[in-house]
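My notes follow in the order I made them.

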Amino acid sequence: MSLQIARAAWDLDVRARRAAPAAALAMSALVAANAVVPSVSPRAPRAAPEAPRERWRAWREHLHAAHAQRRSGDDAGAIRSYERVGRASRARVRDADLARYWSARLRLERGERSASIALRALLTPHVDPALAYRIGACIARARSDARSEERRAELTSIAREVRGRLRALSVVRTEEGARARRWFAAFERSIAPDFFR
């Protein structure tokens with residue numbers, strides 16, 4: 001065993017000695033190149049990097065533009081714009097979630113079944129209670145238009161999830177919990193009767 005270790009160490013030493021001249025030659029060429037290249041004039045000052053808290057403003061403007069497209073009747077353009085905001089890493093979470101909601105809602109209104117999956121994906125444990133309520137209202141409208149029993153069952157399952165999220169958020173004893181309780185009460189009053197009679 002010690003003979004194998006000694007052989008491996010010898011091989012490593014030989015390889016290092018062979019590589020050393022090439023590395024030294026490359027380093028000296030780099031130093032020489034830096035010495036020969038004339039100095040350049042000072043660079044123009046760079047613009048200060050954008051403050052992290054300000055980066056979301058451009059995406060907020062894109063969100064407003066998408067709303068304007070939707071209001072003007074350009075659903076296809078609005079969906080594309082909403083999806084850009086929804087994927088933007090620099091958009092605020094709230095703006096990105098709202099953009100994903102509107103994209104899914106417009107797609108659902110156009111009859112795209114996959115849109116309900118996108119709405120369900122927004123129901124994270126920390127979903128904004130107002131957004132959860134909006135998802136419930138959107139699902140209720142889609143359920144009234146659903147023709148198959150399978151589709152109605154799928155949409156009812158999402159409404160059940162909305163109800164569960166709002167209930168879970170409403171038990172927290174904070175201002176956010178009080179806000180969630182108001183949205184949960186509104187859901188129970190206006191949307192739940194359509195699903196849970």
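**Entry 1: α7 and α8.** I began with a handedness: α7 and α8 make a left-handed crossing. I noted the rule: left-handed means that the near helix is turned anticlockwise from the far one by less than a right angle, and right-handed means clockwise. The axes of α7 and α8 (residues 175-190) come within 7 Å and cross at roughly 145°. An axis here is a line fitted to C-alpha atoms, for helices over the stretch in contact, and angles run from 0 to 180 degrees between N-to-C directions. I listed the contact residues next: A159, V162, R163, L166, R167, L169 and S170 from α7, and G177, A180, R181, W183, F184, F187 and E188 from α8. Contact means heavy atoms within 4.5 Å. I sorted these residues into eight nonpolar, two polar and four charged. For the classes, Ala, Val, Leu, Ile, Met, Phe, Trp, Tyr, Cys and Pro are nonpolar, Asp, Glu, Lys and Arg are charged, and the others, Gly among them, are polar.

**Entry 2: what I am looking at.** I reminded myself that this is a predicted model, where local features need pLDDT of at least 70, side-chain atom pairs count only at pLDDT 80 or more, and totals for chains, interfaces and linings use all residues. Residues are numbered from 1 along each chain as its sequence is written, and side-chain values use heavy atoms, with hydrogens and water left out.

**Entry 3: the whole protein.** I counted nine helices and zero strands. Helices are DSSP runs (H or I, at least four residues), strands are runs of E (at least two), and numbering starts at the N terminus. Of the 197 residues, 32% are buried. Buried means under 20% relative accessible area, exposed means over 50%, and partly exposed is in between (1.4 Å probe, protein chains only). Among contacts with a separation of 6 or more, 61% join residues 24 or more positions apart.

**Entry 4: W183.** Is W183 buried, partly exposed or exposed? W183 is partly exposed, because its relative accessible area is 29%. I found W183 in helix α8. Beyond residues up to four places away in sequence, W183 touches P129, A130, Y133 and L166.

**Entry 5: α6 and α7.** I moved on to α6 (residues 129-145) and α7 (residues 149-170), whose axes come within 9 Å and cross at roughly 160°. They are therefore roughly antiparallel. The cut-offs are under 35 degrees for roughly parallel, over 145 for roughly antiparallel, 65 to 115 for roughly perpendicular, and oblique for the rest. The crossing of α6 and α7 is left-handed. Among the contact residues are Y133 and I139 of α6 and L155 and V162 of α7. By class, this contact has twelve nonpolar, two polar and two charged residues.

Entry 6: The axes of α3 and α4 come within 8 Å and cross at roughly 150°, so α3 and α4 are roughly antiparallel. Their contact divides into eight nonpolar, two polar and five charged residues. In the loop between α3 (75-87) and α4 (93-109) I found A91. A91 is buried, because its relative accessible area is 11%. Leaving aside neighbours within four places in sequence, A91 is in contact with W56, W59, V85 and A96.
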